[in-house]
Amino acid sequence: EAPKGPDYANLDPSQYGIEDVFYGYDKYDLDDVAMGTLTKNARILKEAGVTLMVAGHCDERGTIEYNRALGEKRAKAARDNLVS
């Protein structure tokens, strides 16, 4: 029987090398560091063949509505980069 690879579904993504992407204050555009992290993440995800959920987060400053919209824009920017 061939050796079995990691059970990605039961691992935290950080356990197989996925790193968080960070944004500047009040920003949702991807800087060079974020783009590099996403490129590395994309390679790992492609090799692993996993499906994932991308989520954007904010700190506690700002209104709930504002932070929800900013988090969504951050998630979309990361998702669009990963898909491309």
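This is a predicted model: local features need pLDDT of at least 70, side-chain atom pairs count only at pLDDT 80 or more; totals for chains, interfaces and linings use all residues.

User: Why is N41 called buried?

Analyst: The cut-off for buried is under 20% relative accessible area. N41 has 4% relative accessibility, so N41 counts as buried. N41 lies in helix α1.

User: And why does R68 count as exposed?

Analyst: Exposed means over 50%, and R68 sits at 56% relative accessibility, so it gets that label. R68 is found in helix α2.

User: What makes the N41 side chain and the backbone oxygen of E19 a polar contact?

Analyst: The limit for such a pair of N or O atoms is within 3.5 Å. The side chain of N41 reaches the backbone oxygen of E19 at 2.8 Å, so the pair meets that distance limit. Leaving aside residues up to four places away in sequence, N41 touches G17, I18 and E19.

User: How do you know that the buried residues of α1 line one face?

Analyst: The buried ones are A34, T37, L38, N41, I44, L45 and A48. Looking down the axis of α1, they fall within an arc of 125 degrees, so they line one face of the helix. Those buried residues pack against α2 (64-83). On the face turned away from the buried side, α1 carries the exposed residues D32, R43, K46 and E47.

User: What makes D31 a cap for the N-terminal end of α1?

Analyst: A side-chain oxygen of D31 lies 3.2 Å from the backbone nitrogen of V33. Just after α1, G49 takes a positive phi of about 65 degrees.

User: Which residues lie nearest the centre of the largest pocket, and what supplies its lining?

Analyst: E19, D20, V21, V54 and A55 lie nearest the centre, out of 25 lining residues. The largest share of the lining, four residues, comes from α2, while α1 and α2 each supply at least two. The pocket has a volume of about 750 Å³.

User: How far apart are R68 and C58, in sequence and in space?

Analyst: R68 and C58 are ten residues apart in sequence, and their C-alpha atoms are 8.0 Å apart in space.

Methods: Residues are numbered from 1 along each chain as its sequence is written. Side-chain values use heavy atoms; hydrogens and water are left out. Buried means under 20% relative accessible area, exposed over 50%, partly exposed in between (1.4 Å probe, protein chains only). The arc is that of the directions from the helix axis to the C-beta atoms. Contact means heavy atoms within 4.5 Å. A polar contact is a pair of N or O atoms within 3.5 Å; within protein, one must be able to donate a hydrogen and the other to accept it, and residues adjacent in sequence count only if both atoms are side-chain atoms. On a 1 Å grid over the protein atoms alone, a cavity is a set of points where a 1.4 Å probe fits but cannot get out, and a pocket is an open set with protein on both sides within 12 Å along at least five of seven lines; lining residues have an atom within 4 Å of a point. Grid points are joined across faces, edges and corners, and a volume is the space filled by probe spheres set on the points.
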